[in-house]
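Subject: A structure for you to explore

Hi,

Here is the structure I promised to pass on to you. Have a look at it first, and then read my notes below.

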Amino acid sequence: MERTVLVIEDEIIMRDLISVTFRDNGFQVLEAADGQEALEIFEENSVDLVLLDIVMPKLDGWSVCRRIRSKSDVVIIMLTSRDDDEDQLLGFELGVDEYVIKPINIQVLLARSKRLLERVTNKDDRLKNIIDKSGITIDKAAYSVMLDKEKIEFAPKEYELLVFLIENEGRVLTREKILDTIWGYDYFGDYRVVDTHIKKIRKKLKSRAKYIHTVVRVGYKFDTK
């Protein structure tokens with residue numbers, strides 16, 4: 001997947017060097033020569049990474065960082081020639097992800113950028129696999145169900161049904177729909193297997209926390225027509 005980097009640097013030689021390197025490594029590159037231009041570009045584009053110089057005309061890097069952080073969790077790497085602990089502390093307080101001192105090793109900057117973006121991607125992927133609903137925490141990647149940090153064991157079909165019910169909370173689900181989704185279209189057994197599994201799920205959760213019963217009940221609205 002192509003990533004977009006916004007290079008905010010008033011020194012044209014440095015900006016060109018960074019831009020060429022990142023472009024050659026598969027990035028889409030946007031460039032800004034001052035802080036005000038940077039904010040305008042950021043507002044109009046989807047950006048994954050910001051490489052931000054501190055000392056710039058019109059609007060300095062600190063101000064740009066504050067404005068960006070007020071509305072976005074985009075990865076920000078601060079670029080500066082000032083090796084000052086107070087500057088670095090301020091940067092981290094403002095939400096900077098990394099701090100790179102000039103003169104910059106472009107390949108090291110590229111490697112750090114890729115590492116940070118990979119970390120963000122992995123975190124996003126993990127979050128997509130997590131369901132956290134009224135006290136139930138389901139990790140779909142690990143096929144685990146936790147309640148108040150206690151793991152609850154479910155048979156495979158019970159687990160699939162629990163996930164399906166919670167993901168469809170508030171919808172009216174027929175037995176046929178549940179059977180087709182969980183057991184498959186070729187299932188020809190007793191349709192009451194759905195009711196049996198619902199009872200098992202409720203039994204396991206009811207003894208652990210009273211609010212879970214409500215979640216399952218809301219998610220499971222039988223249409224008996």
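In helix α1, the buried residues are M14, R15, I18, S19, T21 and F22, where buried means under 20% relative accessible area, exposed means over 50%, and partly exposed lies in between (1.4 Å probe, protein chains only). Seen down the axis of α1, these buried residues fall within an arc of 165 degrees, so they line one face of the helix; the arc is that of the directions from the helix axis to the C-beta atoms. On the other side of α1, the residues I12, I13 and D24 are exposed.

Before going on, please keep in mind that this is a predicted model, in which local features need pLDDT of at least 70, side-chain atom pairs count only at pLDDT 80 or more, and totals for chains, interfaces and linings use all residues. Residues are numbered from 1 along each chain as its sequence is written, and side-chain values use heavy atoms, with hydrogens and water left out.

How far apart are the end C-alpha atoms of α1? They are 18 Å apart, which agrees with the 18 Å that the 13 residues of α1 (residues 12–24) should span at 1.5 Å a residue. The expected span is 1.5 Å times one less than the number of residues in the helix. After α1 comes G26, which has a positive phi near 90 degrees.

Now the whole chain. It has nine helices and eleven strands; helices (H or I, at least four residues) and strands (E, at least two) are DSSP runs, numbered from the N terminus. Of the 225 residues in the chain, 44% are buried. The accessible surface of the chain is about 13000 Å², and carbon and sulfur atoms account for 49% of it; such areas come from the Shrake-Rupley method with a 1.4 Å probe, and for residues only the protein chains shown count as cover. Among the contacts with a separation of 6 or more, 58% are between residues 24 or more positions apart, a contact being heavy atoms within 4.5 Å.

How many aromatic pairs does a search of the whole structure find? The search finds one. F22 and F27 form this pair, which is edge-to-face, with 5.0 Å centre to centre and 70 degrees between the planes. For this term, rings of Phe, Tyr and Trp (its six-membered ring) pair if their centres lie within 6.5 Å; planes under 30 degrees apart count as stacked, over 60 as edge-to-face and the rest as tilted. F22 counts as buried because its relative accessibility is 0%, and F27 counts as buried at 9%.

Next, have a look at E9, in the loop between β1 (4–8) and α1. Is E9 buried or exposed? With 0% relative accessibility, E9 is buried. Its side chain is joined to that of K102 by a polar contact of 2.9 Å. A polar contact is a pair of N or O atoms within 3.5 Å; within protein, one must be able to donate a hydrogen and the other to accept it, and residues adjacent in sequence count only if both atoms are side-chain atoms. Leaving aside neighbours within four places in sequence, E9 is in contact with several residues, including M14, R15 and D53. K102 also has a feature of its own: the peptide bond from K102 to P103 is cis, with omega near 0 degrees. P103 sits in the loop between β5 (98–101) and α5 (106–128).

Helix α3 (residues 61–69) has G61, W62, V64, C65, I68 and R69 as its buried residues. These cover an arc of only 160 degrees around the axis, which puts them on the same side of α3. At the start of α3, a side-chain oxygen of D60 comes to within 3.2 Å of the backbone nitrogen of W62. K58, in the loop between β3 (49–53) and α3, has a positive phi near 70 degrees, although K58 is not a glycine. K58 is exposed, with a relative accessible area of 71%.

Finally, H197 belongs to helix α8 (residues 193–206) and is buried, with a relative accessible area of 12%. The side chain of H197 reaches the backbone oxygen of V193 at 2.9 Å. Beyond its neighbours within four places in sequence, H197 is in contact with K157, E158, L161 and W183.

Happy exploring!
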